[in-house]
Amino acid sequence: MILNFLEKKKKEIDAYHLDFLTKKTAKETFTAIVRTCSDFDISAMAHVDCLTGSSMWNMIMFSILSNAKGDLDNDVYGDFAKLLATSSNVESANIPHAMQEVADQIAKDINCEEFKSMSPEQAEKWLQASTSLAGYKFRQFLKRHGHRCLGEFDVHSITWGMDPKMLVKLLQNLVGVNKENKKKEEESISETISGLQVPLGFISKCLLKFVLLQCRRGVRGREAGKSIMIKSIHHWRKGYRHLGKLMASEGYLPDEELLFFLTINEINDLLNTRSPNIISRANYRRKIFPILEKYKFPEIMKGNPKPINDEDEINRFCQLRFGFNSDSFQKRWTLIPHIFCNPLRPVCLLPGEILITYSTDIGWSPYFPIISGVVTELGGLISHGAVVSREYGLPCVVGLQGATKKFHTGDYVLLDGKKGILQRLPQPEK
């Protein structure tokens, strides 16, 4: 029922009129944007409803497993993770799969080395204009997912559709790579349940089959609902970029980007007063933004938000979890060798590298066909990195606080996804 509702809402959002893009003056555009606020309320509410429902069914499934085992141990967590893994057209899992399809088609339609030798601008131009199947698949990818990106809740962010060069660079690395497609075939529910470690009685198995169906529908609904909500935000993004251009051309702003460092009320006041004080505040915010952007905060906060002191937080984490401080961090872990290294930011990822980052969202999804492992400081069993890694059979460690401080691009590392451990290796001899 909810999926049918989401499909209807998706069609409405896709066909939204975007009247504010037709206005000729900054004041008219701002008024039109403000009037659209309630038009997008229902997409956000639908996502919240889907998120709530999905979480409820997940908790029921978790309770069935823990009650059957009589304890919360690794078997319960492992089975819960296995049951959540599903390739049933989940939005976040479709993105890396679709990127792999585009790369495979490029290899069929054009010489791989020729495509790799193009500049990103040339490669993008070819994909956008080509009548080949590769060009068609690339444009279809942008049509379905072009409103997504890193930091997609921020209207200031640049989406894949607005600037596809990041995707093009990734395709240039991915095309022609003979890497096994790790995306798993989906098991039947009976096969999945029969392979669990937790001992289940007949009634528990029957109940789990029903609950698992609801969980999988919930995952699809949650991801679909979020995509629709982000599409609504993208409509606003278009409107505010249009507004910024008009305000700059009409002399309200020194440049259009400054708009994104103003509040809604300040934009309104500036349009009515042209106050230089408002411009000064915006300039100051833009100046300190690179510093504020690097702040990290606890997952749970009480009182006024306070950035984490990294060293103190790492020491606290190691002391609580392992009984020693971070100075003994690498000396005390028993490690099993796994694979190769990491970039911390989404640039120039190469096949076989391990992604180590603070957290992942759907903006990282295109990289999953190319990487060989994932490590995040934040996250849990149902976080984005964990869910998509399960779909692709990638080793993944989440909740490894301090990882982005301890490891850097170019390091060689050992990653053991089963034991949840990571270690730096000596650089190999050339």
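Tutor: What follows goes through the sheet, a hairpin, a pocket and a cavity in turn. Keep in mind that this is a predicted model.

Student: Ok, sheet first. In what order do the three strands of the open sheet come, and is the pairing parallel or antiparallel?

Tutor: The order is S1-S2-S3, and the strands pair in the parallel sense.

Student: Which strands stand at the edges?

Tutor: Strand S1, residues 354–357, and strand S3, residues 396–397. Each has a single partner strand, so one side of each is left without a neighbour in the sheet.

Student: How many bridges are there between S2 and S3?

Tutor: Two bridges, with S2 covering residues 373–376. Across that pair, Val 375 stands opposite Val 397 in S3.

Student: And what holds strands of a sheet together in general?

Tutor: Backbone hydrogen bonds pair them, in either a parallel or an antiparallel way.

Student: New topic. How does S4 pair with S5, parallel or antiparallel?

Tutor: Antiparallel, over five bridges, with S5 at residues 421–425. Tyr 412 stands opposite Leu 425 in S5.

Student: What sits between the two strands of that hairpin?

Tutor: Four residues lie between them, and Gly 420 in this hairpin takes a positive phi near 70°.

Student: Why is S4 called largely enclosed?

Tutor: S4 runs over residues 412–416, and four of its five residues are buried, so the rest of the structure largely encloses it. Buried here means under 20% relative accessible area.

Student: Pockets now. What is the volume of the second largest pocket?

Tutor: About 1,200 Å³. Its lining has 32 residues, and those nearest the centre are Ala 81, Leu 381, Cys 396, Gly 417 and Lys 418.

Student: Which elements give two or more residues to that lining?

Tutor: Helix H4 (74–84), helix H15 (384–391) and S3. H4 gives the largest share, seven residues.

Student: How many of the lining residues are nonpolar, polar and charged?

Tutor: Eleven are nonpolar, twelve polar and nine charged.

Student: And how many cavities of 30 Å³ or more are there?

Tutor: Two. The second largest cavity has a volume of about 30 Å³.

Student: What lines the second largest cavity?

Tutor: Asn 58, Leu 84, Val 219, Arg 222, Ile 382, Val 387 and Arg 390. By class, that lining has four nonpolar residues, one polar and two charged.

Student: Which helices each supply at least two residues of it?

Tutor: Helix H11 (202–249) and H15. H15 also contributes to the lining of the second largest pocket.

Conventions:
Residues are numbered from 1 along each chain as its sequence is written. This is a predicted model: local features need pLDDT of at least 70, side-chain atom pairs count only at pLDDT 80 or more; totals for chains, interfaces and linings use all residues. Side-chain values use heavy atoms; hydrogens and water are left out. Two strands pair if DSSP finds at least two bridges between them. On a 1 Å grid over the protein atoms alone, a cavity is a set of points where a 1.4 Å probe fits but cannot get out, and a pocket is an open set with protein on both sides within 12 Å along at least five of seven lines; lining residues have an atom within 4 Å of a point. Grid points are joined across faces, edges and corners, and a volume is the space filled by probe spheres set on the points. Ala, Val, Leu, Ile, Met, Phe, Trp, Tyr, Cys and Pro count as nonpolar, Asp, Glu, Lys and Arg as charged, and the others, Gly among them, as polar. Buried means under 20% relative accessible area, exposed over 50%, partly exposed in between (1.4 Å probe, protein chains only).
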